[in-house]
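This short report walks through one protein model, written for a reader who is new to structures. Please look at the sequence and the model first.

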Amino acid sequence: MSRALVLNATFEPLCLVSTRRAVVLVLAEKAELVHTSGGYFRSERLDLPEPSVVRLGYFVKVPYQARIGLNRRSVFARDGHRCQYCGSAAENIDHVVPRSRGGTHTWENVVAACRSCNNRKQDLFLHETPLSLTRAPVAPRERLWVLAATGAVRADWEPYLTPASSLSAQSA
Ligand SMILES: [Zn+2]
């Protein structure tokens with residue numbers, strides 16, 4: 001299914017919708033066309049440039065964290081599918097502070113990990129192991145929910161999303 005990025009009135013990215021939904025928003029004058037994909041949206045009565053990015057005509061207030069589900073797929077997307085202890089291909093998610101020892105299931109306490117590090121970690125605190133984190137885990141920004149939802153970030157969406165480089169800068 002082809003999708004379009006929806007921007008808030010203030011140009012911050014809000015969500016992805018189907019192209020059909022984006023067309024409806026534009027036709028109902030709830031959103032304006034910002035970018036087209038180059039293709040056309042065709043139906044019986046319509047022949048319109050296919051929206052790639054649309055911007056709402058009104059401001060929507062959304063708490064940012066509510067938009068991103070914390071799950072294996074989104075954690076892997078945030079961590080680039082790499083073990084956050086050793087850099088190998090990730091296979092599991094690991095709670096930095098083990099859940100059995102009071103660790104929470106939150107973005108700040110969950111990382112992608114390879115099986116080997118996950119096994120070494122077990123139910124230990126980080127300082128009780130020889131492992132260390134390559135960077136502190138943080139809640140992801142917009143680019144990540146797009147990545148987690150579609151597997152790729154389209155070039156015409158890039159200007160509206162947090163650059164990948166600022167993701168690691170934030171964890172400092
Ligand atoms: Zn590892």
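Leaving aside residues up to four places away in sequence, Asn-109 touches Asp-94, His-95, Val-96, Val-97, Gly-103 and Thr-104, where contact means heavy atoms within 4.5 Å. This residue, Asn-109, sits in the loop between β5 (92-95) and β6 (110-113); strands (E, at least two residues) and helices (H or I, at least four residues) are DSSP runs, numbered from the N terminus.

The model is a predicted one, in which local features need pLDDT of at least 70 and side-chain atom pairs count only at pLDDT 80 or more, while totals for chains, interfaces and linings use all residues. Residues are numbered from 1 along each chain as its sequence is written, and side-chain values use heavy atoms, with hydrogens and water left out.

| Residue | Relative accessible area | Class |
|---|---|---|
| Cys-83 | 1% | buried |
| Cys-86 | 43% | partly exposed |
| Asn-109 | 7% | buried |

The zinc ion has as its protein donors Cys-83 (SG), Cys-86 (SG), Cys-114 (SG) and Cys-117 (SG), lying 2.3 Å from it; donors are N, O and S atoms within 2.8 Å of the metal (3.2 Å for Na, K and Ca), and water is not among the atoms, so sites may look incomplete. In sequence, these donor residues follow the spacing C-x2-C-x27-C-x2-C. The site is tetrahedral, with angles of 104 to 116 degrees among its four donor atoms, since four donors count as tetrahedral if all angles lie between 85 and 135 degrees.

Technical notes. Tetrahedral: all angles 85-135°; square planar, octahedral: opposite > 155°, others 65-115°. Buried < 20%, exposed > 50% of the residue type's maximum accessible area, 1.4 Å probe, protein only.
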